[in-house]
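Dear colleague,

Please find below the structure that I am handing over to you.

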Amino acid sequence: EVEELVRRGIKEVTLLGQNVDSYGHDLPGHPDLADLLNELSSIDDLARIRFLTNHPKDISLKLIDTVASLNKVCEHLELPVQAGDDDILRAMRRGYTVERYRELVHTIRRKIPQISLSTDIIVGFPGETEEQFEHSLSLVKEMRFDVIHVAVYSPRPGTIAWREYQDNIPSEVKKERLNKIEELQAAIASEINSQLQGRQVEVLVEDRKKGKWFGRTRSNKLVFFEDAGDWVGQLARIQIEKTSPWSLRGAVKK
């Protein structure tokens, strides 16, 4: 399938799964995601490979080492933590502790120094105290993620949380906690992205909007630039001239 996409001119593929670390468990010989990445990396003219989403409980050292060793695999991981408090993680049945997550992030950053990390956080989970929320806030400060997708808890029929827990956190408290996470993350992302000021990055251009081309770096940073050429589907070298918490702006490096 990927070979056919590449023959049609595709330069990047993304492997999607609610938990991509489970890949291959039901296949003959039980290949894993690392094996698949190695196979895909051998395809000529395929420039980039991405995958998401990982589960902190299941991601393996083999996979981390494989990402570190393969040039075609982008330096970006989606690693949802969901909460920074062990009791909340236990109630969510996440299968890991905050310390286990912290050790995992340190291992990833040691083996892949240029990695960018995205995560998910839920605020207002049933029974979440102010102290438990502060634990999540502290973890955000410590981990310094590139991107955080933060959401307020809402009951979903059929889930364990819906069956076993009462949605007892007031909506105004949920909103306040969400705002605190978003404000903190905006400051962190601003500092991280500012380090790219004046540097050149490789951008795979996706499309044009309001006169500006846009695409993403290998580390999944959104980049905008203006140029008269046709850049759809092309790799461009962009000199970064302006940064923000959410995107970068630059010019084609001639």
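T243 stands opposite L248 in strand β10. This is a predicted model, in which local features need pLDDT of at least 70 and side-chain atom pairs count only at pLDDT 80 or more, while totals for chains, interfaces and linings use all residues. Residues are numbered from 1 along each chain as its sequence is written, and side-chain values use heavy atoms, with hydrogens and water left out.

Helices (H or I, at least four residues) and strands (E, at least two) are DSSP runs, numbered from the N terminus. Two strands are said to pair if DSSP finds at least two bridges between them.

The barrel

Strands β9 and β10 run antiparallel and are joined by five bridges; a hairpin of four residues leads from β9 to β10. On its other side, L248 has V223 opposite it, and strand β8 (residues 222–225) pairs with strand β10 (residues 248–252) in the parallel sense over three bridges. Strand β6 (residues 200–209) is paired with strand β9 (residues 235–243) in the antiparallel sense, over five bridges. There, E202 has R237 in β9 as its bridge partner.

These strands belong to a closed barrel of five strands with mixed pairing, in the order β6-β7-β8-β10-β9. On average, neighbouring strands of this sheet are turned by 50° against each other, direction ignored (axes are lines fitted to C-alpha atoms, for helices over the stretch in contact, and angles run from 0 to 180 degrees between N-to-C directions).

Not counting residues up to four places away in sequence, K221 touches several residues, including D146 and L248 (contact means heavy atoms within 4.5 Å).

The annotated domain

The unreviewed UniProt entry places the feature "domain: Radical SAM core" at residues 1–191; UniProt positions are given in the numbering used here, feature names are shortened, and annotations may be inferred rather than shown by experiment. This span is 45% helix and 14% strand.

S118 lies in strand β4 (residues 116–123). With a relative accessible area of 2%, S118 is buried. The side chains of S118 and H76 are joined by a polar contact of 2.9 Å. The C-alpha atoms of S118 and L79 are separated by 6.1 Å, although these residues are 39 apart along the chain.

V147 in β5 is the bridge partner of S118. Over six bridges, β4 pairs in the parallel sense with strand β5 (residues 147–152).

Yours sincerely

Notes
Buried < 20%, exposed > 50% of the residue type's maximum accessible area, 1.4 Å probe, protein only. Polar contact = N/O pair within 3.5 Å; in protein donor to acceptor, adjacent residues only side chain to side chain.
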